Amino acid sequence: MTQQVKNTNIIWRQYFIKFYHRERIVLIKGQQRRNVQNLWDKSIKPSNTNSFFNKNAVVIEKLSPGVSSSTSFKDRLSPNNYTPIRQKQTLLVEFIRLIKVYRDLSKAKLAALVILTTMCGYAMAPMATDLTCLFATTAGTGLCVASANAINQLLEIPYDAQMSRTRNRVLVRNAISPIHALSFGTLTGIAGVGILSTMVNPLTAILGASNILLYTCAYTPMKRKTIANTWIGAIVGAIPPMMGWAACTNNLELGAWILGGILYAWQFPHFNALAWNMRLDYSKAGYRMMVITNPLLNSRVSLRYTLALFPLSYITPYIGMTTWWFALDSSLINCVLLFSAYKFWKDSNDKSARDLFFASLVHLPVILALMMAHKKDQGIIINNEIIDVDEKELEKVILELET
């Protein structure tokens, strides 16, 4: 009896859903027909133009200049008496679609993270006050990142098609042609390096161009040959904060190398944890990663470079980049990452890898924010050492040099 009542309820529920949707569709279509008919019958001409538009109507048309508003409804439907305006809408839709394609081709989220590290490198440099230079550095770096990512996806089309994480990329699903992607990557690379060389300085432009070549010509092909690709990829990720520092100082002092070292070490727990959950896809596509060839080395390297973050963080107050409070605060956030790396090393599984990956995502922006918050008032650089100079004394020195 209970089963019979249950079946009856299911039948009534299905009938109600079908009836509701059928009636709803009929009402919507009827309203659209009435809107279109009223639009023609009343000969409405909004804003003193010959355009007829209703947001609820499906038909969107524009009268030809020679057609009067008193023309009958039947005559207006003649193809000779109206000009479609859908072409403009099609162009707008195509433009929006192309912007989304370029965003995916550039890997916008990854590019944003790289730009963040570049801005941090600029902010940590001594006497970083030129906003124009900062904006130029950000734009140039973003274009270089877009170029490298576009060319990387172009080279990996057959391999991305075999992995679940990348099979929906724009080139795999033929959203744009390979020639289009190559043109986009080439133009953004030229524009990015050009902005850095003309509006920033040649050293930053060299670093940007080197990063594009290193990512596309070294890291990308090495992914299918040797596990050393992870170390090459870490170098690529370590260069952007050095670009930010070089943009401000036109030099690569010790502080720039420390920033690069922190980003270099951070990438191993971040990427190795990601690679663990992607190991089946990497194996299917033929990539040679530590997680496939030597899983124990994968977790051990993650722990090793997490430990390296501690001394790198302690060097920054020692050389005068930050106050000593940063040593304390960075120890706390580094311990959180170390705990996740230790669990991943002790027992490598999907959960521990996922915990380490998300811990690394939180770790990087937090430690960079702490570094900028504890930045020490810096003076001038002499022989790769930051010398504290009082503002009044610095003004006196500048006046003496001018006279």
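**Exercise 1. How many salt bridges does the structure hold?**

Solution. The model is a predicted one. The structure holds six salt bridges. One of them joins the side chains of Lys223 and Glu156, with an N to O distance of 3.0 Å. Lys223 belongs to the loop between helix 8 (202-222) and helix 9 (229-249), while Glu156 belongs to the loop between helix 5 (131-155) and helix 6 (157-160), so this pair ties together parts that are 67 residues apart in sequence. Both Lys223 and Glu156 are buried. A salt bridge also forms between the side chains of Arg169 and Asp160, at 3.1 Å from N to O. Both of these residues, Arg169 and Asp160, are buried.

**Exercise 2. Determine how Asp355 and Lys351 are placed relative to each other, and whether each is buried, partly exposed or exposed.**

Solution. Begin with the contact: the side chains of Asp355 and Lys351 meet in a salt bridge of 3.1 Å, N to O. Next, consider their positions. The two residues are four apart in helix 15, and therefore about one helical turn separates Asp355 from Lys351. Then turn to accessibility. Asp355 has a relative accessibility of 28% and so counts as partly exposed. Lys351 has a relative accessible area of 53%, and is therefore exposed, the cut-off being over 50%.

**Exercise 3. Check the span of helix 15 against its number of residues, and describe its surroundings.**

Solution. Helix 15 covers residues 350-373, which makes 24 residues. At 1.5 Å a residue, the span should be 34 Å; the end C-alpha atoms are 35 Å apart, so the two values agree. At the N-terminal end, Asn349 caps the helix, with a side-chain oxygen 3.0 Å from the backbone nitrogen of Lys351. The buried residues of helix 15 include Leu356, Phe357, His363, Ile367 and Met371. The packing partners of the buried residues are helix 4 (108-124), helix 10 (254-277), helix 13 (295-318) and helix 14 (325-346).

**Exercise 4. Compare the UniProt annotation with the model over residues 301-319 and 356-374.**

Solution. The unreviewed UniProt entry places the feature "transmembrane region" at several stretches, among them 301-319 and 356-374. In the model, residues 301-319 are 95% helix and 0% strand, and their end C-alpha atoms lie 28 Å apart. Residues 356-374 are likewise 95% helix and 0% strand, with end C-alpha atoms 26 Å apart.

**Exercise 5. Is Ser330 buried or exposed, and which residues does it touch?**

Solution. Ser330 is found in helix 14. Its relative accessible area is 0%, so Ser330 is buried. Leaving aside residues up to four places away in sequence, Ser330 touches Ser313, Tyr314 and Ile367. A polar atom of the Ser330 side chain also lies 2.7 Å from the backbone oxygen of Phe326.

Key: Residues are numbered from 1 along each chain as its sequence is written. This is a predicted model: local features need pLDDT of at least 70, side-chain atom pairs count only at pLDDT 80 or more; totals for chains, interfaces and linings use all residues. Side-chain values use heavy atoms; hydrogens and water are left out. UniProt positions are given in the numbering used here, feature names are shortened, and annotations may be inferred rather than shown by experiment. The expected span of a helix is 1.5 Å times one less than its number of residues. Buried means under 20% relative accessible area, exposed over 50%, partly exposed in between (1.4 Å probe, protein chains only). Contact means heavy atoms within 4.5 Å. A polar contact is a pair of N or O atoms within 3.5 Å; within protein, one must be able to donate a hydrogen and the other to accept it, and residues adjacent in sequence count only if both atoms are side-chain atoms. A salt bridge is a side-chain nitrogen of Lys or Arg within 4 Å of a carboxyl oxygen of Asp or Glu.
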